[in-house]
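Subject: Structure handover

Hello,

Here is the structure I promised to pass on. My notes follow below it.

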Amino acid sequence: MKRYLLPALLFCLAAGAHADNPIVTDIFTADPAVVVDGKRLYLYTGRDEAKPGETTYKMNEWRVFSTCDMRSWADHGVAATVKTFAWAKADAFAADVVRHKGKYYLYAPVKHTTIPGFAIGVGVSDTPTGPFRDARGSALVTNDMTRETPNGWDDIDPAVFVDDDGQAYMYFGNKVLKYVKLKPNMIELDGPIQTVGLFNFEEAPWLHKRDGVYYLSYASGLPEVIAYATGPSPTGPWTYRGVIMDKNKVTHTIHQAFADFNGKSYIFYHNEMLSGADYRRSVAVEEFSYGKDGAIPHVAQTRT
Ligand code: FUB
């Protein structure tokens with residue numbers, strides 16, 4: 001049965017396990033991030049606008065969708081664009097959204113107009129669907145050329161985790177994983193940027209906590225697989241736990257996010273199933289169960 005994608009009508013069909021992949025079929029979506037807020041799960045994605053045959057990312061905006069049953073999805077449209085940040089010029093790469101004290105914060109990597117490479121901006125909104133406005137008027141993290149990677153992608157893929165004590169941490173990076181504490185206002189750094197040694201880290205960090213265990217998942221290698229490590233705190237030390245999902249058939253990236261929702265556990269990711277092309281990706285989701293020891297099992301992609 002096909003999932004229903006509705007223009008922001010917030011009602012639910014019968015509850016049930018998730019149905020078809022990919023979640024969105026009228027545009028190409030990539031880089032999922034999720035927020036569970038009350039009875040709804042909000043899915044944030046980038047949008048791939050590359051034309052057939054193009055071999056670079058064309059990404060200008062972030063979109064938002066929501067569901068109450070993992071079956072019927074509402075399309076809330078554009079949450080933010082590159083133009084949300086007056087200091088940015090291009091490349092709406094993988095963003096993350098967190099809810100904190102009744103507000104929603106979007107952490108977004110974009111190319112800076114004057115500083116080479118990527119920078120990370122923060123948007124804020126009173127609602128999960130946005131639109132988000134620039135919370136600072138300047139980038140939260142800008143490129144420090146002393147730690148720049150050759151492709152200028154050193155500061156991409158922010159993922160923000162707020163621990164039970166209210167302390168927020170932002171993880172980000174390409175090839176080298178970094179993290180930094182955020183101040184309680186969520187829009188300023190609190191202390192120095194630290195680096196983390198993590199086995200075969202490529203990009204797309206995601207931090208979640210379950211039963212007192214911190215799970216740090218990430219895209220590993222190139223083509224990417226989804227791998228993870230666990231630790232006793234948001235800053236580790238991290239123990240490598242293995243591969244969760246194998247590489248895609250065509251798309252060299254995979255970019256995961258996790259959520260527990262309505263008593264079930266889900267992993268979101270992207271692949272090429274709608275287009276067959278690397279730069280025209282689609283977000284998909286799989287349900288899984290943690291092992292008795294808390295391990296995340298190997299998860300296969302479903303293609304129907
Ligand atoms: O979508 C552009 C980039 O590709 C993201 O920032 C990475 O995570 C990879 O998915």
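**Glutamate 202**

Glutamate 202 counts as buried because it has 23 C-beta neighbours inside 10 Å. (Buried means 20 or more other C-beta atoms within 10 Å of a residue's own, exposed 12 or fewer, partly exposed in between; C-beta atoms are placed from the backbone.) Please keep in mind that this is a predicted model: local features need pLDDT of at least 70, side-chain atom pairs count only at pLDDT 80 or more, and totals for chains, interfaces and linings use all residues. Residues are numbered from 1 along each chain as its sequence is written.

Glutamate 202 sits in strand 15, residues 201–210. (Strands are DSSP runs of E, at least two residues, numbered from the N terminus.) Setting aside residues up to four places away in sequence, its contacts are Lys175, Ala219, Ser220, Gly221, Leu222 and Glu224. (Contact means C-beta atoms, placed from the backbone, within 7 Å.) Serine 220 is 18 residues away along the chain, yet the two C-alpha atoms are separated by 5.0 Å.

**The annotated pair**

The UniProt record, an unreviewed entry, marks Asp31 and Glu203 as "active site". Such annotations may be inferred rather than shown by experiment. The two are spread over 173 residues of sequence but cluster in space, with a largest C-alpha distance of 11.1 Å.

Aspartate 31 lies in strand 2, residues 28–37. It is buried, because 31 C-beta neighbours fall inside 10 Å. Beyond four places in sequence, aspartate 31 touches Thr45, Gly46, Phe93, Ala94, His255 and His270.

Glutamate 203 belongs to strand 15. It is buried too, with 23 C-beta neighbours inside 10 Å. Under the four-place exclusion, glutamate 203 contacts Ile156, Asp157, Gly173, Asn174 and Ala219.

**Around the ligand**

Asp31 and Glu203 are among the residues surrounding the ligand, which also include Tyr57, Phe93, Thr253 and His255. (The cut-off is a C-beta atom, placed from the backbone, within 6 Å.) Strand 2 and strand 15 each supply at least two residues of this shell. By class, the shell has six nonpolar, three polar and three charged residues. (Nonpolar: Ala, Val, Leu, Ile, Met, Phe, Trp, Tyr, Cys and Pro; charged: Asp, Glu, Lys and Arg; polar: the others, Gly among them.)

**The core**

The largest nonpolar core has 88 residues; Tyr44, Ala95, Leu106, Tyr107, Ala108 and Phe268 touch the most other members. (A nonpolar core joins buried Ala, Val, Leu, Ile, Met, Phe, Trp, Tyr and Cys residues through C-beta atoms within 7 Å.) Strand 8, residues 103–112, gives the most to this core, with six residues.

Best wishes

Conventions
Helix = DSSP H or I, 4+ residues; strand = E, 2+ residues; numbered from the N terminus. Contact = placed C-beta atoms within 7 Å.
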